[in-house]
Amino acid sequence: MAATGEEAAAMDSISKAPVPPTELKLTAEPELKRDATTNDATENQKAKRPSNNNDGGVETAEEATEPAEPDINELCRDMFDKMAVFLQGELTATCEDYKLLENMNKLTSLKYMEMKDISINISRNLQDLNQKYASLQPYLDQINQIEEQVTALEQAAYKLDTYSKKLEAKFKKLEKR
């Protein structure tokens, strides 16, 4: 059977009611203050609550009360201060990393510029050497030709020497007869 009217509204409000928070222990000092205020609140609650223990084994529901909270503004301010210090440290470290990267990039850029200048000089010197080699090439060709001619002349001299030795040997042979 579905609830209607006031019963439905009461059930709807019960289902939407927030769950009361449990006691949190944030720090040691506020706990002492909270314990004192909590004891006062529970004593006041006990005084207001009627005792209906005539049901025997049925337990009765107690009204949930939020424990007295320590100065929430102070805790929030402390949390935000600590978060600010943390974030400031993180941002400072990140900025230092970026500065280091920037310096490394500048240094690398300078090194590449130096290497570029060196490679330009090497290229220029190589072109000069190639031009000098090209200008010396006719002389080198002449040297190669002279070397070939000297080798051919040397071979001819060896042949002539061999032939003259044979001729001398024949001439001596003829003289002996």
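The model is predicted, so local features need pLDDT of at least 70 and side-chain atom pairs count only at pLDDT 80 or more, while totals for chains, interfaces and linings use all residues. Residues are numbered from 1 along each chain as its sequence is written, and side-chain values use heavy atoms, with hydrogens and water left out.

**Stop 1: the whole chain**

Show the protein chain as a cartoon. You'll find three helices and zero strands, in the order α-α-α along the sequence. Helices here are DSSP runs of H or I with at least four residues, strands are runs of E with at least two, and both are numbered from the N terminus.

The protein chain exposes about 16900 Å², and carbon and sulfur atoms supply 58% of that; the areas come from the Shrake-Rupley method with a 1.4 Å probe, and for residues only the protein chains shown count as cover. How much of the chain is buried? Buried residues make up 3% of the 177 residues. Buried means under 20% relative accessible area, exposed means over 50%, and partly exposed is in between (1.4 Å probe, protein chains only).

**Stop 2: salt bridges**

Next, look for charged pairs. The count is four salt bridges, each being a side-chain nitrogen of Lys or Arg within 4 Å of a carboxyl oxygen of Asp or Glu. We'll visit some of them.

- Select Asp78 and Lys82. Their side chains meet in a salt bridge at 3.4 Å, N to O. Both sit in helix H3 (residues 72–176), four residues apart, about one turn of the helix. Asp78 is partly exposed at 36%, whereas Lys82 is exposed at 54%.
- Jump to Asp161 and Lys165. The closest N and O atoms of this salt bridge are 3.6 Å apart, and again the two residues are in helix H3 with four residues, about one turn, between them. Lys165 is exposed at 53% relative accessibility; Asp161 is partly exposed at 36%.
- Move on to Glu168 and Lys172, which form a salt bridge at 3.6 Å, N to O. They are four residues apart in helix H3, so about one helical turn separates them. Glu168 is partly exposed at 44%, and so is Lys172 at 46%.

**Stop 3: the cysteines**

Select Cys76 and Cys95. Cys76 is partly exposed at 31%, and Cys95 is partly exposed at 43%. How many disulfides are there? The count is zero, where a disulfide is a pair of cysteine sulfur atoms within 2.5 Å.

**Stop 4: two surface patches**

Patches are made of residues with over 30% relative accessible area and no salt bridge; like charges are joined within 9 Å, and nonpolar side chains (Val, Leu, Ile, Met, Phe, Trp, Tyr) within 5 Å.

Select Lys166, Lys170, Lys173 and Arg177 to see a positive patch on the surface. Lys and Arg count as positive and Asp and Glu as negative, with His and the chain ends not counted; the place of a charge is NZ of Lys, CZ of Arg, CG of Asp or CD of Glu. Arg177 lies in the segment after H3 and is exposed at 79%.

Finally, select Tyr133, Leu136, Tyr139, Leu140 and Ile143. Together they make a nonpolar surface patch with about 520 Å² of accessible area. Tyr133 is in helix H3.
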